[in-house]
Amino acid sequence: MEPRRPLIAGNWKMYKTSAEAVDTAAQLVKLTAGVDDVDIMIAPTFTALESVSKTLEGSHIDLGAQNIFWENEGAYTGEISAAMLKSVGCRYVIIGHSERRQYFGETDEAANKKIRAAIKAGLIPILCIGETEQERESSQTFSVLDKQVKMGLKDFFAKDLGSLVIAYEPVWAIGTGKTASEEQAQEVHQYIRSLIAEMVGDELSGAIRILYGGSVKPENISGLMDMPDIDGALVGGASLKADSFGKIVQFK
Ligand code: PGA
(Lines give C-alpha, C1' and ligand atoms only; values in the text may rest on other atoms or scores of the structure.)
Protein backbone atom coordinates (compact mmCIF):
# COMPACT_ATOMS: atom_id res chain seq x y z
CA MET A 1 0.00 0.00 0.00
CA GLU A 2 1.19 3.50 -0.89
CA PRO A 3 2.27 5.55 2.12
CA ARG A 4 -0.21 8.29 2.95
CA ARG A 5 1.01 11.76 1.99
CA PRO A 6 0.84 14.16 4.94
CA LEU A 7 -1.60 17.07 4.72
CA ILE A 8 -1.21 20.18 6.84
CA ALA A 9 -4.30 22.36 6.56
CA GLY A 10 -4.84 25.85 7.96
CA ASN A 11 -8.34 26.93 8.95
CA TRP A 12 -8.35 30.71 9.15
CA LYS A 13 -11.92 30.83 10.51
CA MET A 14 -13.40 34.37 10.62
CA TYR A 15 -10.06 36.15 10.67
CA LYS A 16 -8.31 38.43 8.18
CA THR A 17 -9.61 40.83 5.56
CA SER A 18 -8.84 39.97 1.98
CA ALA A 19 -5.69 42.13 2.00
CA GLU A 20 -4.47 40.58 5.27
CA ALA A 21 -5.12 37.09 3.93
CA VAL A 22 -3.15 37.81 0.76
CA ASP A 23 -0.29 39.12 2.85
CA THR A 24 -0.10 35.99 5.03
CA ALA A 25 -0.53 33.74 1.99
CA ALA A 26 2.33 35.49 0.18
CA GLN A 27 4.61 34.99 3.21
CA LEU A 28 3.63 31.33 3.36
CA VAL A 29 4.40 30.80 -0.30
CA LYS A 30 7.96 32.00 0.38
CA LEU A 31 8.39 30.07 3.62
CA THR A 32 7.21 26.78 2.16
CA ALA A 33 8.81 27.04 -1.28
CA GLY A 34 11.16 24.14 -0.54
CA VAL A 35 8.54 21.77 0.88
CA ASP A 36 7.56 19.07 -1.59
CA ASP A 37 6.73 16.07 0.56
CA VAL A 38 3.70 17.49 2.35
CA ASP A 39 0.38 18.71 0.96
CA ILE A 40 -0.48 22.17 2.26
CA MET A 41 -3.87 23.84 2.30
CA ILE A 42 -5.13 27.15 3.63
CA ALA A 43 -8.80 28.02 4.06
CA PRO A 44 -9.41 31.77 4.28
CA THR A 45 -12.87 33.32 4.51
CA PHE A 46 -15.08 33.31 1.41
CA THR A 47 -14.37 36.98 0.68
CA ALA A 48 -10.62 36.33 0.49
CA LEU A 49 -10.72 33.16 -1.62
CA GLU A 50 -10.35 34.73 -5.03
CA SER A 51 -7.50 37.06 -4.12
CA VAL A 52 -5.65 34.39 -2.14
CA SER A 53 -6.10 32.00 -5.04
CA LYS A 54 -4.14 34.40 -7.25
CA THR A 55 -1.41 34.69 -4.60
CA LEU A 56 -1.08 30.89 -4.49
CA GLU A 57 -0.80 30.48 -8.26
CA GLY A 58 2.34 28.57 -9.17
CA SER A 59 2.97 27.56 -5.52
CA HIS A 60 2.18 24.16 -4.12
CA ILE A 61 -0.17 25.49 -1.47
CA ASP A 62 -3.78 24.57 -2.20
CA LEU A 63 -6.83 26.63 -1.46
CA GLY A 64 -9.74 25.43 0.66
CA ALA A 65 -13.08 26.81 1.79
CA GLN A 66 -14.51 26.58 5.29
CA ASN A 67 -18.04 25.60 4.33
CA ILE A 68 -20.27 24.84 1.38
CA PHE A 69 -23.97 24.47 0.59
CA TRP A 70 -25.20 21.35 -1.17
CA GLU A 71 -27.39 22.87 -3.90
CA ASN A 72 -25.84 24.07 -7.18
CA GLU A 73 -27.65 27.39 -7.19
CA GLY A 74 -30.98 28.87 -6.20
CA ALA A 75 -32.77 31.05 -3.70
CA TYR A 76 -30.54 30.24 -0.71
CA THR A 77 -29.54 33.64 0.62
CA GLY A 78 -26.06 33.70 2.07
CA GLU A 79 -24.98 30.29 0.81
CA ILE A 80 -22.13 29.28 -1.52
CA SER A 81 -22.13 26.28 -3.87
CA ALA A 82 -19.42 23.80 -4.79
CA ALA A 83 -19.28 25.17 -8.35
CA MET A 84 -18.69 28.67 -6.97
CA LEU A 85 -15.83 27.42 -4.81
CA LYS A 86 -14.32 25.56 -7.76
CA SER A 87 -14.58 28.67 -9.91
CA VAL A 88 -12.30 30.63 -7.57
CA GLY A 89 -9.70 27.89 -7.38
CA CYS A 90 -10.64 25.85 -4.31
CA ARG A 91 -9.41 22.29 -4.13
CA TYR A 92 -10.59 21.43 -0.61
CA VAL A 93 -13.60 22.21 1.54
CA ILE A 94 -13.93 21.81 5.31
CA ILE A 95 -17.26 20.21 6.22
CA GLY A 96 -19.02 19.87 9.57
CA HIS A 97 -16.49 21.80 11.64
CA SER A 98 -17.47 21.72 15.32
CA GLU A 99 -18.02 25.49 15.30
CA ARG A 100 -20.56 25.04 12.49
CA ARG A 101 -22.22 22.25 14.48
CA GLN A 102 -22.15 24.19 17.76
CA TYR A 103 -23.13 27.71 16.65
CA PHE A 104 -25.04 27.13 13.43
CA GLY A 105 -26.85 23.90 14.21
CA GLU A 106 -25.19 21.81 11.51
CA THR A 107 -26.13 18.17 11.63
CA ASP A 108 -24.58 14.94 10.42
CA GLU A 109 -27.27 14.85 7.72
CA ALA A 110 -26.16 18.26 6.45
CA ALA A 111 -22.53 17.13 6.48
CA ASN A 112 -23.55 14.10 4.43
CA LYS A 113 -25.22 16.25 1.76
CA LYS A 114 -22.30 18.65 1.70
CA ILE A 115 -19.80 15.82 1.22
CA ARG A 116 -21.87 14.52 -1.68
CA ALA A 117 -21.98 17.97 -3.33
CA ALA A 118 -18.24 18.48 -2.81
CA ILE A 119 -17.29 15.12 -4.31
CA LYS A 120 -19.62 15.64 -7.26
CA ALA A 121 -17.90 18.92 -8.04
CA GLY A 122 -14.42 17.44 -7.65
CA LEU A 123 -13.61 19.16 -4.36
CA ILE A 124 -11.80 17.24 -1.63
CA PRO A 125 -14.02 17.16 1.47
CA ILE A 126 -12.46 17.35 4.93
CA LEU A 127 -15.08 15.94 7.28
CA CYS A 128 -14.59 17.18 10.85
CA ILE A 129 -15.67 15.04 13.76
CA GLY A 130 -14.96 15.09 17.48
CA GLU A 131 -16.39 14.72 20.94
CA THR A 132 -17.05 17.43 23.52
CA GLU A 133 -15.39 17.42 26.93
CA GLN A 134 -18.58 16.22 28.56
CA GLU A 135 -18.89 13.37 26.06
CA ARG A 136 -15.29 12.32 26.72
CA GLU A 137 -15.80 12.45 30.47
CA SER A 138 -18.90 10.30 30.26
CA SER A 139 -17.04 7.73 28.10
CA GLN A 140 -19.06 8.49 25.00
CA THR A 141 -16.11 9.41 22.74
CA PHE A 142 -16.31 6.34 20.55
CA SER A 143 -20.08 6.26 20.29
CA VAL A 144 -20.17 9.96 19.30
CA LEU A 145 -17.52 9.45 16.63
CA ASP A 146 -19.25 6.32 15.45
CA LYS A 147 -22.44 8.26 14.83
CA GLN A 148 -20.68 11.21 13.18
CA VAL A 149 -18.77 8.94 10.79
CA LYS A 150 -21.66 6.58 10.01
CA MET A 151 -24.18 9.37 9.42
CA GLY A 152 -21.71 11.70 7.70
CA LEU A 153 -20.77 8.95 5.25
CA LYS A 154 -24.16 7.26 4.98
CA ASP A 155 -24.93 5.74 1.56
CA PHE A 156 -21.45 6.33 0.18
CA PHE A 157 -19.42 3.59 -1.44
CA ALA A 158 -15.64 3.22 -1.36
CA LYS A 159 -15.46 4.36 -4.99
CA ASP A 160 -16.98 7.74 -4.02
CA LEU A 161 -14.67 8.40 -1.13
CA GLY A 162 -11.22 8.10 -2.71
CA SER A 163 -10.34 11.71 -1.94
CA LEU A 164 -12.07 12.05 1.46
CA VAL A 165 -10.07 13.42 4.37
CA ILE A 166 -11.28 13.09 7.95
CA ALA A 167 -10.23 15.53 10.67
CA TYR A 168 -10.51 14.34 14.25
CA GLU A 169 -10.88 17.47 16.35
CA PRO A 170 -11.82 16.91 19.97
CA VAL A 171 -13.99 19.93 20.74
CA TRP A 172 -12.30 20.39 24.13
CA ALA A 173 -8.95 20.85 22.40
CA ILE A 174 -10.02 23.47 19.85
CA GLY A 175 -8.69 26.91 20.62
CA THR A 176 -8.16 25.95 24.27
CA GLY A 177 -4.44 25.25 24.30
CA LYS A 178 -5.27 21.71 25.51
CA THR A 179 -4.06 19.18 22.95
CA ALA A 180 -5.03 15.55 23.05
CA SER A 181 -1.93 13.56 23.98
CA GLU A 182 -0.29 11.74 21.09
CA GLU A 183 -1.55 8.47 22.53
CA GLN A 184 -5.11 9.76 23.01
CA ALA A 185 -5.18 11.03 19.42
CA GLN A 186 -3.63 7.83 18.03
CA GLU A 187 -6.17 5.68 19.86
CA VAL A 188 -9.02 7.61 18.26
CA HIS A 189 -7.43 7.74 14.79
CA GLN A 190 -6.95 3.99 14.87
CA TYR A 191 -10.57 3.59 15.88
CA ILE A 192 -11.76 5.84 13.02
CA ARG A 193 -9.64 3.89 10.54
CA SER A 194 -11.11 0.61 11.72
CA LEU A 195 -14.60 2.06 11.43
CA ILE A 196 -13.91 3.09 7.82
CA ALA A 197 -12.58 -0.42 7.13
CA GLU A 198 -15.79 -1.90 8.50
CA MET A 199 -17.92 0.45 6.40
CA VAL A 200 -16.13 0.53 3.06
CA GLY A 201 -13.24 -1.91 3.21
CA ASP A 202 -9.53 -2.13 3.98
CA GLU A 203 -8.27 -0.55 0.82
CA LEU A 204 -9.90 2.81 1.43
CA SER A 205 -9.30 2.72 5.17
CA GLY A 206 -5.58 2.23 4.52
CA ALA A 207 -5.48 5.12 2.06
CA ILE A 208 -7.68 7.68 3.76
CA ARG A 209 -5.95 10.57 5.48
CA ILE A 210 -6.99 11.27 9.04
CA LEU A 211 -5.86 14.64 10.39
CA TYR A 212 -5.69 15.69 14.00
CA GLY A 213 -6.95 19.14 14.99
CA GLY A 214 -7.06 21.00 18.28
CA SER A 215 -4.33 23.36 19.50
CA VAL A 216 -1.70 22.06 17.09
CA LYS A 217 1.45 24.18 17.37
CA PRO A 218 5.05 24.06 16.15
CA GLU A 219 5.94 22.49 19.54
CA ASN A 220 3.58 19.52 19.38
CA ILE A 221 3.29 18.70 15.67
CA SER A 222 6.24 16.28 15.37
CA GLY A 223 5.08 14.07 18.24
CA LEU A 224 1.61 13.87 16.72
CA MET A 225 2.99 13.14 13.25
CA ASP A 226 5.08 10.27 14.67
CA MET A 227 1.87 8.37 15.41
CA PRO A 228 1.10 5.73 12.78
CA ASP A 229 -2.51 6.77 12.13
CA ILE A 230 -2.06 10.56 12.22
CA ASP A 231 -1.59 11.79 8.67
CA GLY A 232 -1.58 15.52 9.17
CA ALA A 233 -3.20 18.37 11.01
CA LEU A 234 -6.03 20.85 10.75
CA VAL A 235 -4.65 23.96 12.39
CA GLY A 236 -6.65 26.99 13.55
CA GLY A 237 -4.93 29.62 15.71
CA ALA A 238 -1.36 28.64 14.83
CA SER A 239 -2.11 28.85 11.10
CA LEU A 240 -2.90 32.57 11.23
CA LYS A 241 0.75 33.58 11.39
CA ALA A 242 2.95 32.57 8.49
CA ASP A 243 5.97 31.80 10.65
CA SER A 244 4.20 29.38 13.01
CA PHE A 245 2.24 27.68 10.21
CA GLY A 246 5.46 27.49 8.18
CA LYS A 247 7.10 25.67 11.08
CA ILE A 248 4.20 23.26 11.42
CA VAL A 249 4.36 22.45 7.72
CA GLN A 250 8.08 21.72 8.11
CA PHE A 251 7.55 19.39 11.05
CA LYS A 252 10.17 16.87 10.00
P1 PGA B 1 -7.11 25.44 16.93
O2 PGA B 1 -8.35 25.16 15.94
O3 PGA B 1 -5.87 24.96 16.21
O4 PGA B 1 -7.12 26.95 17.13
O5 PGA B 1 -7.36 24.70 18.18
C6 PGA B 1 -8.43 23.99 15.17
C7 PGA B 1 -9.68 23.98 14.34
O8 PGA B 1 -10.71 24.46 14.81
O9 PGA B 1 -9.69 23.51 13.19
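My entries on the ligand and then the pocket follow.

**Ground rules.** I worked with a predicted model, where local features need pLDDT of at least 70 and side-chain atom pairs pLDDT 80 or more, while totals for chains, interfaces and linings use all residues. Residues are numbered from 1 along each chain as its sequence is written, and side-chain values use heavy atoms, with hydrogens and water left out.

**Ligand.** I looked up the residues around the ligand (a heavy atom within 4 Å) and found 13, with Lys 13, His 97, Glu 169, Gly 175 and Ser 215 coming nearest. Next I checked polar contacts (pairs of N or O atoms within 3.5 Å). A polar side-chain atom of Lys 13 lies 2.7 Å from a ligand oxygen atom, and for a polar side-chain atom of His 97 I noted 2.7 Å to an oxygen atom of the ligand. Gly 175 uses a backbone N or O atom, 2.6 Å from a ligand oxygen. Taken alone the ligand exposes 280 Å², and the protein buries 95% of that (Shrake-Rupley method, 1.4 Å probe).

The largest pocket has a volume of about 500 Å³. Here a pocket is an open set of points on a 1 Å grid over the protein atoms alone, where a 1.4 Å probe fits, with protein on both sides within 12 Å along at least five of seven lines; lining residues have an atom within 4 Å of a point. The volume is the space filled by probe spheres set on the points. Of its 20 lining residues, Met 14, Gln 66, Asn 67, Arg 100 and Phe 104 are closest to the centre. Helix H4 (residues 98-104; a DSSP run of H or I, at least four residues) gives the largest share of the lining, 4 residues.

Key:
Helices (H or I, at least four residues) and strands (E, at least two) are DSSP runs, numbered from the N terminus. A polar contact is a pair of N or O atoms within 3.5 Å; within protein, one must be able to donate a hydrogen and the other to accept it, and residues adjacent in sequence count only if both atoms are side-chain atoms.
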